[in-house]
Amino acid sequence: GFKCGIVGLPNVGKSTLFNALTKTAAAQAANYPFCTIEPNTGEVAVPDPRLKKIAQIASSKEVVPTRISFVDIAGLVRGASKGEGLGNQFLANIREVDAIVHVLRCFEDDDITHVEGRVDPVADAETVETELMLSDLESLERRTTQMRKRATGKDKEAQTLLPMMDEALKLLQDGKPVRLLLDGIAAEDLKILRSLNLLTSKPVLYVCNVAEGDAAEGNEHSAKVQEMAAAQGAKTVVISAAIEAEVAQLADEEAAEYLDAMGLEEPGLDRLIRAGYELLDLITFFTAGPKEARAWTVAKGSKAPQAAGVIHTDFERGFIRAQTIAYDDYVTLGGETAARDAGKARDEGKEYVVADGDVMLFKFNT
Ligand code: GDP
């Protein structure tokens, strides 16, 4: 599955947020037997109003959302790249996630110690980013030296990797994260970059953890983070971990009332989960029938057989074609039969690139 790692300095609200996420997930667990919750990993349903619509139209008995994972990665302090705190473990854990959710303390509270003795989320973000860059720099310098030897020895792999490694190294030496290379990168290069598995090449999203009263509007701290993020082309989510912790314990109706009182339209976690999903560059396709309506996840750019493979490996191996209805057609026309009658059910083959919202039915050999 796809994983977002929750990182940040100590006492910024990571665990509070993670626990709210897993509580929500635990509440869903009865309905979703495949939900596994490990101590520091939680699988959560991705909220998607389109799924409910499809289920209504198809009169589906079950509604099964798609899911992503969040991992609580504790232990980052200044000096982590030199092994301070749980430094090495921390960095190893980040290597295993696909994207980074960076939590920043944007709430004032004299009772909660700040490791740096002041609330300054932009400086905190720099502290964390610096540790990640130092770690990348060290690992890349070491690997580049080896790789250069191999490249002169006409090693094909080394010759492919080295130009990308050099580009990444140049950025890091300038004090910049490797994710700057992601902008407009070609698919082939992206593969190479991902294979280097650098911490600062992972896409990042900033979470501003604000006090309860600031959840609706944000505050001066979150405004500064938003400015910083915008300059990096990164997204921000303003959330109050304290509110989310509260909401996660309430029944649906009470939760709605509480959110309303706080001036919020929906749980911040829903926004966070959706933002995480976007960050991972994922899209959703649907299957719909009387038994169940279900949302599935594929990486953007995936072709029809890969989508079939998400459902079952046999579907990918024996893929023949996929009846495909765009979400808007499915809803406007009122379902599969009507879409077919209107000529809006396309037969797509092996080269079809799946579009977000496609309602698909796979034909395959067994
Ligand atoms: P972590 O070290 O980043 O995982 O931080 P925790 O989630 O353990 O939170 C550290 C402390 O800050 C705990 O006592 C939380 O209750 C408190 N805390 C977290 N979020 C908020 C918040 O939005 N407002 C206030 N006042 N306290 C918070």
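# A guided tour of the predicted model

The UniProt record, in an unreviewed entry, places the feature "domain: TGS" at residues 281-364. Keep in mind throughout that what you have open is a predicted model.

**The ligand**

Next, select the ligand and show what lies around it: 16 residues surround the ligand, and the closest of them are Gly13, Lys14, Ser15, Thr16 and Asp109. Two or more residues of this shell are given by each of the elements α1 (14-29) and α8 (241-247), and it is α1 that provides the largest share, three residues. If you colour the shell by class, you will find seven nonpolar residues, seven polar ones and two charged ones.

**Isoleucine 243 in α8**

Stay with α8 and select isoleucine 243, which is found in this helix. Is isoleucine 243 buried or exposed? With 23 other C-beta atoms within 10 Å, isoleucine 243 is buried, since 20 or more are needed for that description. Leaving aside the neighbours within four places in sequence, isoleucine 243 is in contact with Glu212, Ala215, Met262 and Gly268.

**Helix α9 and the glycine after it**

Now select helix α9, residues 252-261, where one of the ten residues is buried, so that the helix lies largely in the open. Just after α9, glycine 263 takes a positive phi of about 80 degrees.

**Where α4 meets α7**

Two packed helices are described by the angle between their axes and the distance between the axes. Select α4 together with helix α7 (residues 220-232), which pack at an angle of about 45 degrees with their axes 8 Å apart; α4 and α7 are therefore oblique to each other. To see the contact itself, show Pro121, Val122 and Ala125 on the α4 side, and His221, Lys224, Val225 and Met228 on the α7 side. By class, the contact of α4 with α7 has five nonpolar residues, one polar and one charged.

**From α4 to α5**

Move to the loop between α4 (121-152) and α5, where lysine 154 has its place. Lysine 154 is not a glycine, and yet its phi is positive, at about 65 degrees. Lysine 154 counts as exposed, because 8 C-beta neighbours lie inside 10 Å.

**Where α5 meets α6**

Select helix α5 (residues 156-173) and helix α6 (residues 187-196), whose axes come within 10 Å and cross at roughly 75 degrees. How are α5 and α6 oriented to each other? They are roughly perpendicular, as that description covers angles of 65 to 115 degrees. The contact is made by Thr160, Leu161, Met164, Met165 and Ala168 of α5, and by Asp189, Ile192, Leu193 and Leu196 of α6. By class, the contact of α5 with α6 has seven nonpolar residues, one polar and one charged.

**The last stop**

Finally, select asparagine 197, which lies in the loop between α6 and β6 (204-209). Asparagine 197 is a residue other than glycine with a positive phi, near 50 degrees. With 13 other C-beta atoms within 10 Å, asparagine 197 is partly exposed.

Note on methods. Residues are numbered from 1 along each chain as its sequence is written. This is a predicted model: local features need pLDDT of at least 70, side-chain atom pairs count only at pLDDT 80 or more; totals for chains, interfaces and linings use all residues. A residue is near a molecule or strand if its C-beta atom, placed from the backbone, lies within 6 Å of it. Helices (H or I, at least four residues) and strands (E, at least two) are DSSP runs, numbered from the N terminus. Ala, Val, Leu, Ile, Met, Phe, Trp, Tyr, Cys and Pro count as nonpolar, Asp, Glu, Lys and Arg as charged, and the others, Gly among them, as polar. UniProt positions are given in the numbering used here, feature names are shortened, and annotations may be inferred rather than shown by experiment. Axes are lines fitted to C-alpha atoms, for helices over the stretch in contact, and angles run from 0 to 180 degrees between N-to-C directions. Angles under 35 degrees count as roughly parallel, over 145 as roughly antiparallel, 65 to 115 as roughly perpendicular and the rest as oblique. Two residues are in contact if their C-beta atoms, placed from the backbone, lie within 7 Å. A residue is buried if 20 or more other C-beta atoms lie within 10 Å of its own, exposed if 12 or fewer, and partly exposed in between; C-beta atoms are placed from the backbone.
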